[in-house]
Amino acid sequence: MKIQMGGKPMFDPDQLSVEVVQILDENGNGDERQLAAFSDEWLLRAYREMRRARVIDERLLRMQRQGRIGTYAPFSGQEAAQIGSALALHKDDWIFPSYREVAVCLMHGMPLEQFFHYVQGRLSGKRMPEGVNIFPTQIIIAAQTLHAVGCAWASKLKGEPHVSVAYFGDGATSEGDFHEAMNFAAVYNVPVIFFCQNNQYAISVPYRKQTASRTIAQKALAYGMKGVLVDGNDVLAVYETMKQAVEAARRGEGPMLIEALTYRLGPHTTADDPTKYRRPEEVEAWRTKDPLYRLRVLLKRRGLWTEAQEEALVAQVNDEVTAAYEAAIASKSGSIVDAFDCVYSEAPKLLAEQKDEVMRRKQRSGVR
């Protein structure tokens, strides 16, 4: 339907509809022809990675409560969105994460020990190992969308086959950076994916108070790019959607906006109390859509997973977390002098002079 306003046709937002892409429903059921496209090996890998992420997230949350790490942003409930999208990427693709994309970063090569450096407030926590194409975790909401577009533009100009992915939450779509990035990406047709994990809340602000749009995905229309709404708790659907978007971007078909509809089961961060703004029945309703449960049901139905395997995996990951934490604690923490080496590849004269001054003062004071 179109309505006339000032003699010009105008879209009626109520008539805009975006179909939700789903392959595996909340009960672990789906069209057998679609499910047959996923091998047993792929399904097992996806589940193991999601279960690993859940165990790590739960441990990190407890460790923060124990005072072992700093403020932490849990992601339980969003494993399918993160793991499914990361599985569709190549090693040379670039990731631009917010503070909640722990699972994505681990999938893309970030060592778990590295993350402990980050949540312990060390400079080394934001310096990725050579060959791990992950930009430093972005705290400023939506700023990473601009960085991702810039990187994608550079890849295009250099003729590289790399795709950049900006990960962000629904709250980021209320920021100007998001809209500037979308517009620039579409105008210059750069290989970037905007991956929005719509977990229903920007801290305490519910989605309905952030935008009058029925979906975030439909915002892509205004910028001249494709937008897709996917069940973010269905790892199969997320993977297929992301795979198609990445392949299209790599072929030179430009950017895409993906909205993964999911839910944050825990607090926004460990400094947040979600009981102040969410009803218990709402949380429980979303627990029935748990991404791990639906895939586990499918695996058990195929005879691919047992409780013994589950227990063994959980124990293995817990050991991995303990080892990574202990290695981080035992490693050298660095000093203020190291901060001067974390911004520029070649320090400008003034910065070099400041570094020399700090080093002299440290030597005079006897501080290491």
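Just after helix 5, Gly-121 takes a positive phi of about 80 degrees. Helices here (H or I, at least four residues) and strands (E, at least two) are DSSP runs, numbered from the N terminus. This is a predicted model, where local features need pLDDT of at least 70, side-chain atom pairs count only at pLDDT 80 or more, and totals for chains, interfaces and linings use all residues. Residues are numbered from 1 along each chain as its sequence is written, and side-chain values use heavy atoms, with hydrogens and water left out.

**Helix 5**
- Six of the eight residues of helix 5 (residues 112-119) are buried, so the rest of the structure largely encloses it; buried means under 20% relative accessible area, exposed over 50%, and partly exposed in between (1.4 Å probe, protein chains only).
- The buried ones are Leu-112, Gln-114, Phe-115, Phe-116, His-117 and Val-119.
- Those buried residues pack against helix 2, helix 4 (102-107) and helix 12 (307-330), with contact taken as heavy atoms within 4.5 Å.

**Helix 2 against helix 3**
- The axes of helix 2 (residues 40-65) and helix 3 (residues 79-87) come within 10 Å and cross at roughly 130 degrees.
- That angle makes helix 2 oblique to helix 3: under 35 degrees is roughly parallel, over 145 roughly antiparallel, 65 to 115 roughly perpendicular, and the rest oblique.
- Axes are lines fitted to C-alpha atoms, for helices over the stretch in contact, and angles run from 0 to 180 degrees between N-to-C directions.
- From helix 2, Trp-42, Arg-45, Ala-46, Glu-49, Met-50, Ala-53 and Arg-54 meet Glu-79, Ala-80, Ile-83 and Leu-87 of helix 3.

**Positive phi away from glycine**
- Gln-200 is a residue other than glycine, yet its phi is positive, near 80 degrees.
- Gln-200 sits in the loop between strand 6 (192-198) and strand 7 (201-202), and is buried at a relative accessible area of 16%.
- Ile-203, also not a glycine, has a positive phi near 60 degrees.
- You'll find Ile-203 in the loop between strand 7 and strand 8 (205-206), where its relative accessibility of 42% counts as partly exposed.

**Cysteines**
- Searching the whole structure turns up zero disulfides, a disulfide being a pair of cysteine sulfur atoms within 2.5 Å.
- Cys-151 is in no disulfide, and the nearest cysteine sulfur, that of Cys-105, is 14 Å away.
- Cys-151 is buried, with a relative accessible area of 14%.
- For Cys-196, the closest cysteine sulfur is in Cys-105, at 17 Å, too far for a bond.
- Cys-196 counts as buried too, at 0% relative accessibility.
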